[in-house]
Amino acid sequence: MNSTLGIDLSADPAKTAACSIAWEEGRPGRVDRLLVGSDAGTPLGNDELIAMIREADLSGIDAPFGWPVRFVEAVRTWGELKGWKAGTDVTELRYRVTDLRVPGPRRPLSVSTDLIGVTAMRCAAILDALGSEVDRSGLTGTAIEIYPAAALRRWGLRSTGYKGSVRSGVRRRLVADLRVGLEGICEIDEAQLALCVASDDAFDSLVASLAVRARMLGFTGMPEGPDEIRLARIEGWIHVPDCELSALVS
């Protein structure tokens, strides 16, 4: 039996969620834990997440694993009073190589210029604590970077407009659609489904755990060539499923 863990990471532990799925060969998976940090008695601080990552066979975190190399270089030289060396084209300062590889229509948030950078700082602290257990490219190691919106798009599901308490109706329909897609693939009980409707964080952690299963089976896009692999091991690499949901049962 194998287990996947999906973490919808936030800078705020109360807005962090985690989903663990148990997988047995030839049988549907089973969601055995779905936790939201805002629930009383469910702390999801760094120590708790690190312990959960070490318990799982493979974990996926919805947060950038690094910053664009060009951005880091530009800020370093500027901070050393050596001038602004990056020029005026900010694309390579805003986006990592992996961000530019994610299928459209929307790119992931920029870790260097959007608020997701605060979450990335928390992610960096978690990855640093895991040390040699992590390869930021996800080619090896115990944790990979996940982007739930890209996974949802690949599986033909709505990927935007479902976040926030006022969109619970939209989320209810999305959860229902995912439930249909998971028939015979992954079992999730009524209380867990209700939590996904109530919390977009819980829903994203479920999607992240499913995407981890795709990586576990070798069904995600990977960095190609030595230059891309080198950058992925610094900047991180988003593992986007390139399979149907039905392929998650082996």
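1. A pocket here is an open set of points, on a 1 Å grid over the protein atoms alone, with protein on both sides within 12 Å along at least five of seven lines, and its lining residues have an atom within 4 Å of a point. By that rule, 14 residues line the second largest pocket, and Arg101, Pro103, Gly221, Trp237 and Val240 lie nearest its centre. This pocket holds about 180 Å³ of space, a volume being the space filled by probe spheres set on the points, which are joined across faces, edges and corners.

2. Before we go on, please keep in mind that this is a predicted model, where local features need pLDDT of at least 70, side-chain atom pairs count only at pLDDT 80 or more, and totals for chains, interfaces and linings use all residues. Residues are numbered from 1 along each chain as its sequence is written, and side-chain values use heavy atoms, with hydrogens and water left out.

3. Now to the largest pocket, with about 800 Å³ of space. It has 34 lining residues, and Asp62, Leu109, Ile116, Tyr147 and Lys163 are the closest to its centre. Helices H5 (116-130), H6 (148-154) and H9 (200-216) each give two or more residues to this lining; helices are DSSP runs (H or I, at least four residues), numbered from the N terminus.

4. The whole structure has two aromatic pairs (Phe, Tyr or Trp rings, the six-membered one for Trp, with centres within 6.5 Å; planes under 30 degrees apart are stacked, over 60 edge-to-face, the rest tilted). Tryptophan 78 and tryptophan 84 are edge-to-face, because their ring centres are 6.1 Å apart and their planes are at 85°. Tyrosine 162 and phenylalanine 203 are also edge-to-face, at 5.4 Å centre to centre and 75° between the planes. Since tyrosine 162 is in the loop between H6 and H7 and phenylalanine 203 is in helix H9, this pair ties together parts 41 residues apart in sequence.

5. How accessible are these rings? Tyrosine 162 and phenylalanine 203 are both buried (under 20% relative accessible area; exposed is over 50%, partly exposed in between, with a 1.4 Å probe and protein chains only). Tryptophan 78 is exposed at 53%, and tryptophan 84 is partly exposed at 43%.

Conventions. On a 1 Å grid over the protein atoms alone, a cavity is a set of points where a 1.4 Å probe fits but cannot get out, and a pocket is an open set with protein on both sides within 12 Å along at least five of seven lines; lining residues have an atom within 4 Å of a point.
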